[in-house]
Amino acid sequence: GEGLATYDPGFVNTASCRSAVTFIDGDAGILEYRGYPIEQLAEHSTFLEVAYLLLNGDLPTEAELEEWVHQITIHTFLHENVKQLMQGYRYDAHPMGMLMSSVSALSTFYPDAVKIADVDNRQLQITRLIAKMPTLGAFAFRHAQGKPYVYPDNRLSYVENFLAMLFKMSEPTYAADPRLVKALDILLILHADHEQNCSTNAVRSVGSSQVDPYSAVAAGIGALYGPLHGGANEAVLKMLRRIGSVDQIPAFIEGVKAGKEKLMGFGHRVYKNFDPRATIIKKACDDVFAVTGVNPLLEIAQELERIALEDEYFVKRKLYPNVDFYSGLIYEALQFPPEMFTVLFAIGRTPGWLAQWSELVQDKEQKIARPKQIYTGHRTREFVPMAER
Ligand code: SDX
């Protein structure tokens with residue numbers, strides 16, 4: 001159709017996949033969801049509207065959005081058994097480990113999810129998972145804090161409900177500051193999809209075997225958990241805290257250049273000039289800190305960025321702040337502990353994972369994942385009897 005990108009058919013056999021969901025130009029710092037620039041979506045849209053866009057290919061009408069939000073809202077509750085599963089974890093269990101296993105457990109609560117050829121069933125499972133991710137994340141957080149679970153309150157919006165399930169204590173209703181709700185909604189939009197990143201590749205690879213979507217998304221959560229991927233936002237805060245003060249930055253930078261460690265939150269497989277999401281998040285920092293007070297680590301982050309962007313070591317390697325460099329500062333200002341940062345990334349990325357999964361299972365030309373290898377081992381040789389070894 002008009003406006004759609006074209007490609008060389010031969011390319012499909014060498015690429016990992018063919019997709020129409022998200023477009024990135026790493027050199028120009030362009031990120032578009034279904035053709036809409038991330039800057040416009042962050043300014044004018046909402047996370048659930050963006051989730052609809054990613055899954056359905058176009059922005060919803062008012063009636064379509066209203067029905068979509070209603071469907072998500074009625075599915076925010078969790079089976080009692082899932083809560084019991086959560087209560088079985090040690091109190092120091094990492095919330096990402098709890099999220100990964102509870103999402104895969106959902107495949108046992110909804111056995112119909114394997115009927116992936118049925119469009120209504122796919123839609124139901126997709127809606128269920130987007131609705132339940134904040135509840136699962138909040139329950140994991142409350143478990144780690146040794147606090148009782150707060151049940152979803154369906155009079156609240158998606159983000160307000162999430163914040164209430166996390167932070168509500170004895171007050172009758174938890175009223176989050178609307179400026180913080182807006183900032184978190186924008187952060188979820190920025191994390192919603194990102195083409196064929198490590199975790200999306202895991203979802204598509206596992207999903208290509210025609211397993212249910214819960215099992216495929218659980219694989220994506222596992223990939224996102226790693227410090228080189230979604231776990232970087234947690235690692236950035238630990239790095240800033242370890243640096244401790246601006247005058248310690250030169251020694252830290254020397255350590256990075258000596259190869260002792262990476263500058264977490266910097267670099268990207270695709271963006272080689274700047275990550276457009278980092279630019280938007282930096283602006284969101286100002287909005288959040290106007291409410292919460294400035295995060296004292298911001299000064300270290302800004303000085304670290306200034307020094308790194310002038311240093312030949314980083315410039316030569318095209319290393320710039322990525323989406324994870326500033327997001328953790330906002331999450332911490334919103335009272336999230338570092339181990340919850342990647343859970344927030346997973347909640348944001350779920351519509352993207354599911355849009356990519358749904359596209360894959362409907363594309364008859366995309367087969368089961370079987371990446372090519374470069375063989376570097378021995379070729380044929382004779383078996384050696386024990387006496388001759
Ligand atoms: C995300 O793919 C996506 O889209 C991911 C993501 C998404 O939305 O899904 O954008 C989210 O995962 C963002 C990235 C979060 N990770 C981090 O911030 C961890 C720190 N970054 C690095 O680990 C690294 O930059 C990666 C993993 C992000 C990218 O790795 P690349 O492109 O494979 O980089 P590379 O290994 O080719 O680096 C080239 C050189 C190497 O040095 P030399 O061997 O040439 O001397 O740059 C160095 C690397 O050692 N380098 C870094 C560095 N990143 C790369 N050196 C110091 N600090 C860093 N952060």
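## His-268 and the annotated site

His-268 sits in a loop of this predicted model. The relative accessibility of His-268 is 21%. His-268 therefore counts as partly exposed, because that class begins where buried, under 20%, ends.

An unreviewed UniProt entry lists His-268 and Asp-324 under "active site". The two span 57 residues of sequence, yet they cluster in space. Their largest C-alpha distance is 10.4 Å. Of these residues, His-268 is included in the lining of the largest cavity.

## The ligand shell

Which residues come nearest to the ligand? They are His-194, His-229, His-268, Arg-277 and Arg-349, out of 22 residues around the ligand. By type, the shell divides into 8 nonpolar, 7 polar and 7 charged residues.

## Polar contacts and burial of the ligand

An N or O atom in the side chain of Lys-262 is 3.3 Å from a ligand oxygen. For Lys-272, the corresponding distance from a side-chain N or O atom to a ligand oxygen is 3.5 Å. How much of the ligand does the protein bury? Taken alone, the ligand exposes 1,000 Å², and the protein buries 75% of that.

## Ser-208, a buried loop residue

Ser-208 is placed in the loop between helix 10 (198-207) and helix 11 (213-224). Is Ser-208 buried or exposed? Its relative accessible area is 12%, so Ser-208 is buried; the cut-off for buried is under 20%. One of its polar atoms lies 2.8 Å from the backbone nitrogen of Ala-369.

## Thr-380, an exposed residue

Thr-380 belongs to the segment after helix 18 (341-362). With 72% relative accessibility, Thr-380 counts as exposed, because exposed means over 50%. Ser-208, by contrast, is buried.

Thr-380 and Glu-64 are 316 residues apart along the chain. Their C-alpha atoms are separated by 61 Å.

Technical notes. Residues are numbered from 1 along each chain as its sequence is written. This is a predicted model: local features need pLDDT of at least 70, side-chain atom pairs count only at pLDDT 80 or more; totals for chains, interfaces and linings use all residues. Side-chain values use heavy atoms; hydrogens and water are left out. A residue is near a molecule or strand if one of its heavy atoms lies within 4 Å of it. A polar contact is a pair of N or O atoms within 3.5 Å; within protein, one must be able to donate a hydrogen and the other to accept it, and residues adjacent in sequence count only if both atoms are side-chain atoms. Accessible areas come from the Shrake-Rupley method with a 1.4 Å probe; for residues, only the protein chains shown count as cover. Ala, Val, Leu, Ile, Met, Phe, Trp, Tyr, Cys and Pro count as nonpolar, Asp, Glu, Lys and Arg as charged, and the others, Gly among them, as polar. UniProt positions are given in the numbering used here, feature names are shortened, and annotations may be inferred rather than shown by experiment. On a 1 Å grid over the protein atoms alone, a cavity is a set of points where a 1.4 Å probe fits but cannot get out, and a pocket is an open set with protein on both sides within 12 Å along at least five of seven lines; lining residues have an atom within 4 Å of a point. Helices (H or I, at least four residues) and strands (E, at least two) are DSSP runs, numbered from the N terminus. Buried means under 20% relative accessible area, exposed over 50%, partly exposed in between (1.4 Å probe, protein chains only).
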